[in-house]
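Take a slow look at the fold below. Follow the chain from one end to the other before you read on.

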Amino acid sequence: QAALDEMLQHHAGLHGDLVVVTHGLVIRMLLGGPLRLDAERLRQLHLANTSLSIFDADPPHGLQLLNCTRHLDGVVSDDARSLSGG
């Protein structure tokens, strides 16, 4: 919750979007806590390296995009043999 509060505080001082780069564990903690992703969906979720997730800054912080890898081309796709780590 403290991480989310800090992100929202930074966002409040901006005139646009805030981009946060972090590790999967932090993303999972946000998804399972303040972002309230369903526990079963969270348990089954494979978070791809370099994936994008977008949520609303205003409560209830709805997810607009989750674990998107469309920006990766075929050479750098999300699988065990890829540069993104799979």
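The paragraphs below move from the overall fold to single residues.

This is a predicted model, in which local features need pLDDT of at least 70, side-chain atom pairs count only at pLDDT 80 or more, and totals for chains, interfaces and linings use all residues. Residues are numbered from 1 along each chain as its sequence is written, and side-chain values use heavy atoms, with hydrogens and water left out.

Start with the fold. The protein chain has three helices and two strands. From the N terminus, their order is α-α-α-β-β. These elements are DSSP runs, numbered from the N terminus: helices are H or I with at least four residues, strands are E with at least two. Of the 86 residues in the chain, 22% are buried. Buried means under 20% relative accessible area, exposed means over 50%, and partly exposed lies in between (1.4 Å probe, protein chains only).

Now go inside. Which residues make up the largest nonpolar core? There are 10: Leu4, Met7, Leu30, Leu31, Leu35, Leu37, Leu42, Leu45, Leu47 and Leu66. H1 and H2 each supply at least two residues of this core. A nonpolar core is a set of buried Ala, Val, Leu, Ile, Met, Phe, Trp, Tyr and Cys residues joined through side-chain atoms within 4.5 Å. Take Leu4 as an example. Leaving aside its neighbours within four places in sequence, Leu4 is in contact with Leu30, Pro34, Phe55 and His61. Contact means heavy atoms within 4.5 Å. Across the protein chain, among contacts between residues at least 6 apart in sequence, 27% join residues at least 24 apart.

Next comes the largest pocket. Its space is about 890 Å³. The search uses a 1 Å grid over the protein atoms alone; a pocket is an open set of points where a 1.4 Å probe fits, with protein on both sides within 12 Å along at least five of seven lines, and lining residues have an atom within 4 Å of a point. Grid points are joined across faces, edges and corners, and the volume is the space filled by probe spheres set on the points. The lining has 27 residues, and Leu18, Val19, Val20, Ser53 and Ile54 lie nearest the centre. Helix H1 (2–12), helix H2 (24–32) and strand S1 (52–55) each supply at least two lining residues.

Look for charges next. The structure holds one salt bridge, meaning a side-chain nitrogen of Lys or Arg within 4 Å of a carboxyl oxygen of Asp or Glu. Which side chains form it? Glu40 and Arg43 do, at 2.6 Å, N to O. Both lie in helix H3 (residues 39–44), three residues apart, about one turn of the helix. Side chains of opposite charge can pair when their charged atoms come close. Glu40 is partly exposed at 37% relative accessibility, while Arg43 is exposed at 59%.

Finally, check the backbone. Most residues other than glycine have a negative phi, and most peptide bonds are trans. Arg36 has a positive phi, near 55°. Arg36 sits in the loop between H2 and H3 and is exposed at 66%. His61 also has a positive phi, about 60°. His61 lies in the loop between S1 and S2. Is His61 buried or exposed? His61 is buried, with a relative accessible area of 10%. A cis peptide bond joins Pro59 and Pro60, with omega about 10°. Pro60 is in the loop between S1 and strand S2 (63–68).
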